[in-house]
Amino acid sequence: MRIKIGLVWFRHDLRLADNMALTEATNQCDVVLPVFVFDERMFNEKSEYGFRKIGVQRAKFLIESVANLKKSFAERNIELIVRFGKTEEVVYSIASQVRSTWVYCNRERTPDEEKIQDTLETKLWQIGQELRYSRGKMLYHTGDLPFPIRHTPDTYAAFYREVGKIVPVRKPLPIPDKILPYMGNVPSESIPTLEELGYTKDEIEGHVFTFKGGEFTGLKMLDDFIKSHFKVKALGLKKKKAHKVLVTHMSPYLNVGCVSPKTVYNAINKFMGNKYHKNRANCIVHGLMRRDYLKLIEKKYKEKVFEFGGIRNSNPVGLSDDMEKFEIWKNALTGVPIVDAFMRELNTTGFISFEGRRILSQFLIEELKVNWRIGAEYFQSVLIDYNACSNWGNWNIVAGVGYDAKEDRYCNFITKSKKLDPKGEYIRKWIPELSPVKDNFIHEPDKMSKEQLEELHIELGEDYPGPVVNTDRWV
Ligand SMILES: Cc1cc2nc3c(=O)[nH]c(=O)nc-3n(C[C@H](O)[C@H](O)[C@H](O)COP(=O)(O)OP(=O)(O)OC[C@H]3O[C@@H](n4cnc5c(N)ncnc54)[C@H](O)[C@@H]3O)c2cc1C
């Protein structure tokens with residue numbers, strides 16, 4: 001009898017632990033052949049408004065994550081086949097060469113990914129093969145939810161009421177004990193460098209790379225995070241500190257799939273019953289739930305999430321494709337320090353906090369009146385942790401075209417700036433030109449008198465731009 005060959009097609013699930021497609025292939029087949037394709041379209045084609053689909057930060061993180069996966073397989077005497085090309089053609093050609101029994105993948109639902117998935121599935125049918133979908137990408141299995149996807153509640157609060165504390169999160173799957181490799185000859189290419197993927201020297205050198213991709217680093221980061229924030233002696237933790245909001249920086253790992261949401265949940269959930277830790281643990285669990293919720297909303301509304309009118313089908317008034325204003329925003333030249341500081345951090349590192357993303361998106365939409373889709377596409381290009389549902393779903397909310405949007409979306413950027421960065425340390429770090437400015441003016445240097453500016457040798461419009469919007473109403 002012919003041996004059963006399971007081809008495992010890796011995409012945004014670059015890990016061995018809690019990888020349902022890999023586990024199912026190992027359980028159902030005699031041997032496993034893992035494959036990853038760098039899809040040429042993601043690197044060669046531009047988005048609608050002319051940005052790279054994958055910016056240099058995410059490309060580097062992806063390369064490192066694939067390298068780490070390759071190493072993990074090599075330690076088990078298995079070769080991860082790496083190729084460059086059109087994914088559906090490459091996977092199809094390998095499947096037909098080795099005559100695989102099934103091709104396994106963790107199912108994706110965003111339009112671009114589905115197109116590739118569907119084309120591959122149809123091609124495989126033509127040679128009598130089948131694509132087997134696993135459902136290991138979310139915190140919750142859709143089958144465990146108390147509603148079908150098309151009835152996903154339209155607000156996060158309602159989703160939480162129906163799911164949180166009611167639907168249990170399944171335990172993460174362990175790495176399969178014994179994975180037997182396919183022994184035939186399937187040529188692999190070397191993992192491409194950034195230069196081979198078309199990134200220029202200028203693009204590479206203009207960045208600070210703070211995250212290293214890969215399952216190993218992701219799990220270590222999670223472990224270090226738990227050790228430093230949760231394993232401190234609970235009694236030694238002052239109540240005030242215990243309530244401080246914590247962030248994990250796990251999003252790049254979650255979105256490339258180096259670490260699964262169930263793994264993060266499993267590590268955090270233990271602290272939900274601890275009176276000192278439960279609030280902070282709860283915040284992180286809410287983040288993971290929001291991530292799932294936005295995935296479900298995207299599954300429910302499909303293309304609408306990416307359209308100007310959003311999932312509400314509304315008509316945001318007063319926004320235009322003003323590329324001049326967009327360039328001011330993108331190049332951190334708004335003259336509003338907190339906005340420019342966040343943009344400089346984003347452009348340099350590919351990562352900013354939730355608050356930073358919120359402020360940048362609000363400023364573009366509410367102050368500059370620029371089409372929110374241009375901002376969402378820009379974030380898609382530069383974010384190291386880009387994920388279609390989280391990015392476009394959050395932009396829907398900020399733009400007022402998602403159901404979670406607040407009706408009164410007025411933001412006082414100066415009040416916000418003072419709250420987020422009371423001493424102006426963050427602003428000074430990213431805008432050193434403003435270093436000499438005293439704390440009382442750091443959030444609004446345009447409010448300094450001519451004499452005060454002269455004393456500090458700062459010329460607004462020369463050393464740092466004057467504000468491009470009227471800031472008087474933010475007093
Ligand atoms: C305009 C805008 C665009 C965004 N684009 C993305 C994106 O492309 N990718 C992305 O992962 N997040 C996105 N977010 C959500 C959020 O800002 C990041 O998930 C978070 O800042 C990541 O940092 P962390 O890992 O330290 O989060 P933590 O606070 O530690 O949260 C743990 C995890 O929960 C998830 N999470 C937390 N908050 C949210 C949220 N509001 N929406 C969805 N998931 C959440 C993330 O996966 C995160 O890693 C966006 C937010 C806004 C306002």
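Trainee: What distance separates the centres of domain 2 and domain 3, and over which atoms is it taken?

Mentor: The two centres lie 28 Å apart, taken over C-alpha atoms. In contact (C-beta atoms, placed from the backbone, within 7 Å), 12 residues of domain 2 and 11 residues of domain 3 take part. Keep in mind that this is a predicted model, where local features need pLDDT of at least 70, side-chain atom pairs count only at pLDDT 80 or more, and totals for chains, interfaces and linings use all residues. Residue numbers start from 1 along each chain as its sequence is written.

Trainee: Which helices supply the side of domain 2 that touches domain 3?

Mentor: α10 and α12 each supply at least two residues there, and α12 has the largest share, with five residues. Helices here are DSSP runs (H or I, at least four residues) numbered from the N terminus. By class, this side of domain 2 has five nonpolar, three polar and four charged residues. Ala, Val, Leu, Ile, Met, Phe, Trp, Tyr, Cys and Pro count as nonpolar, Asp, Glu, Lys and Arg as charged, and the others, Gly among them, as polar.

Trainee: What are the bounds in the domain assignment of the protein chain?

Mentor: Domain 1 is 5-136, domain 2 is 138-175 + 213-301, and domain 3 is 323-474. These bounds come from an automatic or database domain assignment.

Trainee: What makes α11 roughly antiparallel to α12?

Mentor: Two packed helices are described by the angle between their axes and the distance between the axes. For α11 (residues 261-269) and α12, the axes come within 10 Å and cross at roughly 160°. Axes are lines fitted to C-alpha atoms over the stretch in contact, with angles from 0 to 180 degrees between N-to-C directions. Angles under 35 degrees count as roughly parallel, over 145 as roughly antiparallel, 65 to 115 as roughly perpendicular and the rest as oblique. The angle of roughly 160° therefore makes α11 roughly antiparallel to α12. P261, V264, Y265, I268 and N269 of α11 make the contact with A281, I284, V285, L288 and R291 of α12. That contact divides into eight nonpolar residues, one polar and one charged.

Trainee: How do you know that α16 and α17 are roughly antiparallel too?

Mentor: The axes of α16 (residues 372-382) and α17 come within 10 Å and cross at roughly 150°, so these helices are roughly antiparallel to each other. W372, G375, A376, F379 and Q380 of α16 meet N391, W392, W395 and A399 of α17. Six of the contact residues are nonpolar, three are polar and none is charged.

Trainee: Why is α15 called oblique to α17?

Mentor: The axes of α15 and α17 are 10 Å apart, and the helices pack at an angle of about 50°. That angle falls in the remaining class, so α15 is oblique to α17. From α15, R357, R358, S361, Q362 and I365 meet N394, W395, V398 and A399 of α17. By class, this contact has four nonpolar, three polar and two charged residues.

Key: Contact = placed C-beta atoms within 7 Å.
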